Amino acid sequence: LCSQKNAHTKHNHHTPALTPLFAGGISMPLRTARVLRTSSRSWRFSNRCFISWPALPLCRTRRHFSPLTRSFVTAPPTEGDSKKDDEKWTNADYINSNASQTVILAFGSAILGLLNPHRADLIAILGETTGSVALNRIKSSMERTLEGRLILEQKPRVNSKTVPLEALLEQDPNTFGYAYARFMTGHGYSADDRPVVKHIRDIELSYIMQRYREVHDFWHVLTGAPTTVEGEIGQKAFEFLQTGLPMAALSTAVGPLRLTNNQRKRILTGYLPWAYACNQRCNFLMGVRFEDYFQEDLKDFRDMLGVVPVSEYVTEIDEETS
């Protein structure tokens with residue numbers, strides 16, 4: 001919001017002064033602007049002044065203060081900005097919503113997600129709109145360790161640019177990095193497929209949710225949980241015990257309803273006891289920067305973190321993938 005008084009412009013009392021249209025903005029007379037002003041704040045202007053609103057950009061932009069116009073102007077994103085977003089979290093995709101809209105999103109995504117569990121976007125929205133308490137607890141746990149604090153400070157991303165699989169496939173077959181690359185390429189997965197957090201305002205909490213999604217495959221490699229329906233349910237049970245996210249608990253509770261009796265039996269007698277035992281023994285995994293341990297031997301890395309492989313509790317694995 002900017003104003004320009006008659007001392008800085010040449011006009012008469014019949015012709016109102018016009019301000020420049022900064023960044024494609026609009027100008028309007030004061031009497032019109034008074035109708036649009038909010039109740040929380042009022043502005044006093046000269047009778048012969050105009051106020052100008054900059055136009056809202058249609059794409060992500062950067063803003064800086066211009067001494068010439070004494071206003072904020074926008075600049076289009078550069079290639080360097082895109083590269084920084086790939087390497088560090090910025091929460092640039094946040095969608096502003098009020099409390100009622102958040103409640104509607106939570107209930108709507110929960111109901112539709114139950115009807116169609118394959119809608120990953122609905123599951124993502126449910127996690128974002130119901131996980132604030134759990135995310136704050138995760139943040140507190142991460143802040144207790146040096147490695148966790150570095151993750152929150154640097155906000156590293158896990159994607160195809162920051163973790164190139166081709167380089168990991170050249171490592172020793174016994175390393176954690178090689179096992180991760182084989183897991184991703186063998187299943188045709190890509191780290192870029194993880195949905196971006198859009199409904200969490202706080203940049204720290206939004207990053208923690210994004211980090212939780214991006215390290216999911218790291219956890220799969222460490223635990224050895226298969227990508228079957230049973231394996232994903234067991235993995236979600238372990239993730240719930242680690243993070244406390246309601247979304248993970250809901251997936252664990254609702255997922256078995258669509259399975260056969262034999263599959264439910266394996267979950268109750270194998271996967272759920274494994275999830276509990278593994279959580280009791282292993283470290284807090286959200287505070288681990290897995291990207292720094294690609295050179296480690298997979299077995300030694302598991303022992304260091306205290307991770308119990310699924311194979312120690314589940315001997316019969318259903319080969320039907322999700």
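Author: Let's start with a term: a nonpolar core here is a set of buried Ala, Val, Leu, Ile, Met, Phe, Trp, Tyr and Cys residues joined through side-chain atoms within 4.5 Å. Keep in mind that you're looking at a predicted model.

With that in hand, the largest nonpolar core has 57 residues, and the ones with the most contacts inside it are F176, Y180, F218 and F290. Helix 8 gives the most to this core, with six residues.

Now zoom in on F218. You'll find F218 in helix 10, which covers residues 216–223. Is F218 buried or exposed? Its relative accessibility is 0%, so F218 counts as buried. Setting aside neighbours within four places in sequence, F218 is in contact with V158, F176, Y180, F290 and F294.

F290 is the next one to click on. Again leaving out neighbours within four places in sequence, F290 is in contact with F176, R211, V215, F218, W219, L222, L285, F301 and L305. So which residues do ring pairs link into a cluster? They are F176, Y180, F218, F290, Y293, F294 and F301.

Stepping back for a second, a search of the whole structure turns up 13 aromatic pairs. Take F176 with F301: the ring centres are 5.0 Å apart and the planes meet at 55°, so this pair is tilted. The pair links distant parts of the chain, since F176 sits in helix 8 and F301 in helix 14 (residues 298–305), 125 residues apart. Both F176 and F301 are buried.

F238 belongs to helix 11 (residues 229–243) and W274 to helix 13 (residues 261–281), so the pair ties together parts that are 36 residues apart in sequence. F238 and W274 are both buried.

Q171 is in the loop between helix 7 (165–168) and helix 8 (176–187). With 16% relative accessibility, Q171 counts as buried, because the cut-off for buried is under 20%. The side chains of Q171 and T175 are joined by a polar contact of 3.2 Å. Not counting residues up to four places away in sequence, Q171 touches G177, Y178, F294 and Q295. F294 is one of the residues in the ring cluster.

C278 is in no disulfide, and the nearest cysteine sulfur, that of C282, is 4.5 Å away. C278 has 0% relative accessibility, so C278 counts as buried. C282 counts as buried too, at 9% relative accessibility.

N91 has a positive phi of about 60° although it is not a glycine. N91 lies in the loop between helix 2 (79–87) and helix 3 (99–115), and with a relative accessible area of 11% N91 is buried. K155 has a positive phi as well, about 50°, and K155 is not a glycine either. K155 is found in the loop between helix 6 (146–154) and helix 7. With a relative accessible area of 7%, K155 is buried.

Finally, here's the wider setting. The protein has 14 helices and five strands. Buried residues make up 42% of its 322 residues. Of the contacts between residues at least 6 apart in sequence, 69% join residues at least 24 apart. The accessible surface comes to about 18,600 Å², and 54% of that belongs to carbon and sulfur atoms.

Technical notes. Residues are numbered from 1 along each chain as its sequence is written. This is a predicted model: local features need pLDDT of at least 70, side-chain atom pairs count only at pLDDT 80 or more; totals for chains, interfaces and linings use all residues. Side-chain values use heavy atoms; hydrogens and water are left out. Helices (H or I, at least four residues) and strands (E, at least two) are DSSP runs, numbered from the N terminus. Buried means under 20% relative accessible area, exposed over 50%, partly exposed in between (1.4 Å probe, protein chains only). Contact means heavy atoms within 4.5 Å. Accessible areas come from the Shrake-Rupley method with a 1.4 Å probe; for residues, only the protein chains shown count as cover. A polar contact is a pair of N or O atoms within 3.5 Å; within protein, one must be able to donate a hydrogen and the other to accept it, and residues adjacent in sequence count only if both atoms are side-chain atoms. Rings of Phe, Tyr and Trp (its six-membered ring) pair if their centres lie within 6.5 Å; planes under 30 degrees apart count as stacked, over 60 as edge-to-face and the rest as tilted. A disulfide is a pair of cysteine sulfur atoms within 2.5 Å.
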